[in-house]
Every structure is written in C-alpha cells, then in structure tokens.
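The questions below ask what grounds the labels given to a structure, and each answer sets a value against its definition.

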Amino acid sequence: MRSERLQATAAEAFQRMTRAARADGVHIVPVSGHRSHAEQASLYDSYVQQYGQETADTIAARPGHSEHQTGLVMDIGIADGECVLQDCFEGTPVGDWARKNAHRHGFVVCYPEDRQEWTGYAYEPWHLRYVGPQLVAELQADAAAEGSAELDTLEEYFGLGPAPDHPAGRRPPPPGASPPGSPPRTAAAGTMCATPLRTPPIGAPL
Ligand SMILES: [Zn+2]
C-alpha cells in the first residue's frame, strides 16, 4: 500500500527491524509511512475540524512540515489493531520492543514523552524515524556523556527550538536551550524531526 512506503534505505532498515522483532516473538505492523503533501493537508485539516487548531497542532504536522512527507517515518502498530496511534500503544509488546530496540536498527522515537516543549508534539511511541546508525551512535554518545538513559530529541541535538509559527514556539525556550544566535550543529538535509521536506521521497514498497 502506498501509505506504507518508505525511502529505500529506510525501508530496508525497517524490514531488518521487523525480522529482528519477529525473532523475539513480536509482530510489528506498518500503519502509516510516506504521505504526500496533499495527504498531509487532508489529515491536518480533518484534525483541525475535529479538535480545533490548537490541539491539531500538537498531534499532526502542518502540511509541508510532516516527517511523514520525507519517506523516512513509519507509524507502527500491532496485528490486532489494538491501541493504534493511542497512548496505550507504549504498553503493548510492539511498543515496548520498539522503545527498547528501534535504535539498534537506525530508528528513533521522534516525539518522546515529556519533550513536547522541544518537539512541539505530544508523545508518539509509535512514530519511528529512520536517522541511520551513525546518528544513533552520536545520540548515544551524547546521552552517555550527559549520564542520561534517554537519547536527546533531534531538535535538542541540533540545537533547534520549535518551529517559530508553532504554538510551542511562542513559549520561552526550556532550560538548557541553546542561547539565541549560538551556532546550531550542522544537520544533513532531511535528518531532523519536523523539518520541511527537502528531498523528494523515493517510494519503496514494504
Ligand atoms: Zn507519525
């Protein structure tokens, strides 16, 4: 299905990850991968209609700002459809496995718990972004240096604040934020969460 597609490198990593999970008796189901601009616009608009814009901005990216448009993100679920895209997903075997193991396959949970002031998004334990093994290793090295068990979000790692027109961006930066004007780390195009799409996605069936 088109909605379950990823760029080729991410798709291969995803397949390796699902095989590894299977070996542990866990069945990861791909739920939502690449979305076109039009698909994201439709999704965002439906949330605005349903919940109002303020809430919609915490659960869906505006069109042009969704990681799903990069072709590097897959929302995952479990076989019986229980807890799909809901908080209780974290407590399922798939959610638990992904939280502990996704990084071994180059994926990060982009929107962790209690980091909304950085990411602009509520906790999404199902939203896995492929960043590759090199960046995972750098995030792990940083976490180890900070004595933290949790990896920084990509926004923290690259010294970015929330998008300026996002509601979260109007709040003061959280403690530890880079001071204004400090040089951000150099990020490869398309590697950050919530950045606009810069490279066209290359569809690869899963
Ligand atoms: Zn997602």
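**Labels and their grounds**

Of the 206 residues of the protein, 34% count as buried; a residue is buried if 20 or more other C-beta atoms lie within 10 Å of its own, exposed if 12 or fewer, and partly exposed in between, with C-beta atoms placed from the backbone. This is a predicted model, in which local features need pLDDT of at least 70 and side-chain atom pairs count only at pLDDT 80 or more, while totals for chains, interfaces and linings use all residues. Residues are numbered from 1 along each chain as its sequence is written.

Q: Why is Cys-83 called partly exposed?
A: Cys-83 has 18 other C-beta atoms within 10 Å, and because a residue needs 20 or more to be buried and 12 or fewer to be exposed, a count in between is called partly exposed. Cys-83 lies in the loop between strand E2 (73-78) and helix H4 (93-101), where helices (H or I, at least four residues) and strands (E, at least two) are DSSP runs, numbered from the N terminus.

Q: What makes Leu-85 partly exposed?
A: Leu-85 has 15 other C-beta atoms within 10 Å, so it is partly exposed. Leu-85 is also found in the loop between E2 and H4.

Q: What makes the phi of Cys-83 and of Leu-85 worth noting?
A: Most residues other than glycine have a negative phi. Cys-83, not a glycine, has a positive phi of about 60 degrees, and Leu-85, likewise other than glycine, has a positive phi near 55 degrees.

Q: Which residues touch the most other members of the largest nonpolar core?
A: Among the 29 residues of this core, they are Ala-10, Phe-14, Ile-76, Ala-102, Phe-107 and Leu-128. A nonpolar core is a set of buried Ala, Val, Leu, Ile, Met, Phe, Trp, Tyr and Cys residues joined through C-beta atoms within 7 Å. Helix H1 (8-23), E2, H4, strand E3 (107-109), strand E4 (127-130) and helix H7 (154-157) each supply at least two residues, and H1 gives the most, with six.

Q: How do you know that E2 and E4 pair?
A: Two strands pair if DSSP finds at least two bridges between them, and E2 and E4 have three bridges, in the antiparallel sense. Met-74 stands opposite Leu-128 in E4.

Q: Why are strand E1 (28-32) and E3 called edge strands?
A: In the open sheet of four strands, ordered E1-E2-E4-E3 with antiparallel pairing, E1 and E3 each pair on one side only.
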